[in-house]
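Trainee: I would like to learn how to read salt bridges. Please take me through some cases.

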Amino acid sequence: MSRPALYLAITSHGFGHTVRAASVAAAIQQLCPEILLILVTTAPRWLLESYISGDFIHRPRSYDIGVIQSDSLTMDKAATLEKLQQLRSEQRSIVAGEVNFIRTNRVGLVLGDIPPLAPLIASSAGVPCWMMSNFGWDYIYRDWGGGFVEIADWISECYGKSDRLFRFPLHEPMSAFPNITDVGLPGGSPRYNLDELREKLGLTAPPEKIVLLTFGGLGLEQIPYEGLNHFPDWQFVTFDNKAPDMPNLLKASGQDYRPVDLMPLCGRVMSKPGHSTFSEALRLGTPIVSLTREGFVESFILLDGIRDYAYHQILTPEEFSQGDWEFLRYPLEPPRLAQTVAKEGTEAIAKMVVNYFQTQ
């Protein structure tokens with residue numbers, strides 16, 4: 001008998017969607033190793049392997065656009081709209097190619113985060129489509145108005161063909177989806193002994209004076225690293241291999257370590273608004289320092305989420321770019337809510353996927 005096969009369709013925008021989808025894939029593999037994982041994304045294989053320890057098929061395809069950006073904060077809306085219109089015009093040929101692949105490989109379930117074409121592909125192939133996210137691309141694009149409204153309507157129609165949505169915390173209503181199941185936050189778990197990792201990285205400062213700098217797969221065009229000179233007794237960790245050499249700045253390789261591995265060692269995670277980073281920090285209880293992000297409506301929901309559930313600071317890009325980093329001397333704001341956010345999204349989805357295959 002052939003192995004049961006799961007087709008994971010992942011938005012290739014940045015690394016966040018890949019991180020949370022790969023964490024779910026890893027949990028599925030741990031629960032039921034006989035399920036064949038097919039990860040469909042243009043994200044690099046090393047990123048997938050940093051979460052998934054066993055075998056999987058990497059199919060480098062992209063059938064959504066996300067947002068075309070030069071870095072984590074700078075968007076090119078005109079280029080994004082042009083690419084979306086091109087994608088829509090190529091919809092039939094993309095769907096036909098993937099349907100053929102799904103049938104050839106006897107895929108039993110499509111799980112998407114959160115490409116609009118995934119439900120069309122699944123429905124054309126005659127298999128169920130489950131989706132997972134805290135937002136849909138229709139929500140992002142509709143806010144931009146103009147030619148994006150027609151695109152948003154098309155995407156909402158695509159999402160309406162899905163069979164189920166696992167909706168993460170810090171979410172928009174996601175009203176285009178006909179069947180919604182709320183789950184907790186997704187993310188990976190640290191995989192190193194913390195004492196050994198602290199020694200290997202040369203971290204000697206107390207945790208409250210260790211800051212992890214992580215701005216997603218796109219990074220930032222300009223990070224004012226000179227501000228670190230004002231904090232000689234602090235230590236900063238970055239994944240930016242182009243960062244300058246400084247005595248209190250440690251460079252961690254993205255292929256050796258993941259942000260989630262380093263978060264427990266740090267008193268703060270500094271980031272832009274990103275669900276995957278926020279989610280992993282919230283799961284671990286690590287305080288968050290976030291820049292604001294204009295023009296991306298999801299960011300308001302994310303920032304409200306950390307105000308509710310995390311010790312936090314929120315900075316404008318202008319405050320960040322001033323370069324003196326004096327904000328680090330200010331006390332963190334406490335969470336507004338007494339209750340904690342649900343954190344078992346990865347595990348919940350994995351169990352439901354495994355149960356689906358076992359009952360077929």
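Trainee: Which side chain meets D233 in a salt bridge?

Mentor: The general idea comes before the case. A salt bridge is a side-chain nitrogen of Lys or Arg within 4 Å of a carboxyl oxygen of Asp or Glu. Here the partner of D233 is K209, at 2.8 Å from N to O. This is a predicted model, where local features need pLDDT of at least 70, side-chain atom pairs count only at pLDDT 80 or more, and totals for chains, interfaces and linings use all residues. Residues are numbered from 1 along each chain as its sequence is written, and side-chain values use heavy atoms, with hydrogens and water left out.

Trainee: How many salt bridges does a search of the whole structure find?

Mentor: The search finds 16. One of them joins R59 and E98, with the closest N and O atoms 2.8 Å apart. R59 sits in strand β3 (residues 57–59) and E98 in helix α4 (residues 91–104), so the pair ties together parts 39 residues apart in sequence. Helices (H or I, at least four residues) and strands (E, at least two) are DSSP runs, numbered from the N terminus.

Trainee: Is R59 buried or exposed?

Mentor: Buried means under 20% relative accessible area, exposed over 50%, and partly exposed in between (1.4 Å probe, protein chains only). R59 is buried, at 12%. E98 is buried too, at 5%.

Trainee: Which residue forms a salt bridge with D182?

Mentor: R167 does, with the closest N and O atoms 2.7 Å apart. D182 is partly exposed at 49%, whereas R167 is buried at 12%.
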